Amino acid sequence: MSSSSSSDSDSETLSLANLFKHERPIHDILGGGKVADILLWRNRTVSAVLLIGMTAIWFLFEVVDYNLVTLLCHISITTMLVLFIWRTLADIFKWSPPKLPGIIVEDVAFKELASTFHRKFNQSVFMLFDIACGRDLGLFLMTILSLCILSVIGTYFSFLNFLYVGFLCMETLPFVYERNEEEINHLSGNIIREVRRMYRRFDKKFLNKIPRGPVKEKKIRTTGST
């Protein structure tokens, strides 16, 4: 009995190790390229600008209660005034006039961001479809519970707050995980091990007592007849 329990614990430990140890680096898992560099803060300037910009937008709309049309109009008015003053002073003091660049933002960045979102969206849809098929009952119940918790949390947050929290998680969690990968893997392994123990107890006390149809008997009969 002890040998079987020890083998079960060893196999569980191996499965947890296989779950959290990945062959590819986190940079490749995030898609590589500029998007992964931003999420992992390898391009600190762009990452900081995005974080400051999103924080400013969240502050203006959620704290100051700015309206989108009003904000766009004020930004346009301020930009036009700055350009007008700059152009006027350039004519007076013989400075170089303001010039609008041909390409403000390269289309490569938008294409890369769109392709990354498209790939991750497809992976999420296929993963949810596989879970919904009920092949792993424990994973199915955990997903349903997580979605219920997420829906309850969503009732206490506005959509912009929800997007901002998600953006903060995208900007911080991959970076923190890359810096503390071993510690996070060890802690996550302990948590999942405890969750699996609780699920086995729940399965033993409740799920196994649920009556089920004679599916196995039909399969045995069909195999025996063949």
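Select helix H5, residues 68–93, in this predicted model; helices here are DSSP runs of H or I of at least four residues, numbered from the N terminus.

After H5 comes Lys 94, with a positive phi near 60 degrees.

Next, select Ile 26, Leu 30, Val 35, Ala 36, Leu 39, Leu 40 and Tyr 177, the seven residues of the largest nonpolar core, meaning buried Ala, Val, Leu, Ile, Met, Phe, Trp, Tyr and Cys residues (buried is under 20% relative accessible area with a 1.4 Å probe, protein chains only) joined through side-chain atoms within 4.5 Å. Helix H3, residues 33–39, supplies the largest share of this core, three residues. Leaving aside residues up to four places away in sequence, Val 35 touches Glu 112, Leu 113 and Thr 116 (heavy atoms within 4.5 Å).

Finally, colour by pLDDT, the predictor's confidence in each residue from 0 to 100: the mean is 76, and 77% of residues reach 70 or more.

Residues are numbered from 1 along each chain as its sequence is written, and side-chain values use heavy atoms, without hydrogens or water. Local features need pLDDT of at least 70 and side-chain atom pairs count only at 80 or more, while totals for chains, interfaces and linings use all residues.

How values were computed
Buried means under 20% relative accessible area, exposed over 50%, partly exposed in between (1.4 Å probe, protein chains only). Helices (H or I, at least four residues) and strands (E, at least two) are DSSP runs, numbered from the N terminus. The expected span of a helix is 1.5 Å times one less than its number of residues.
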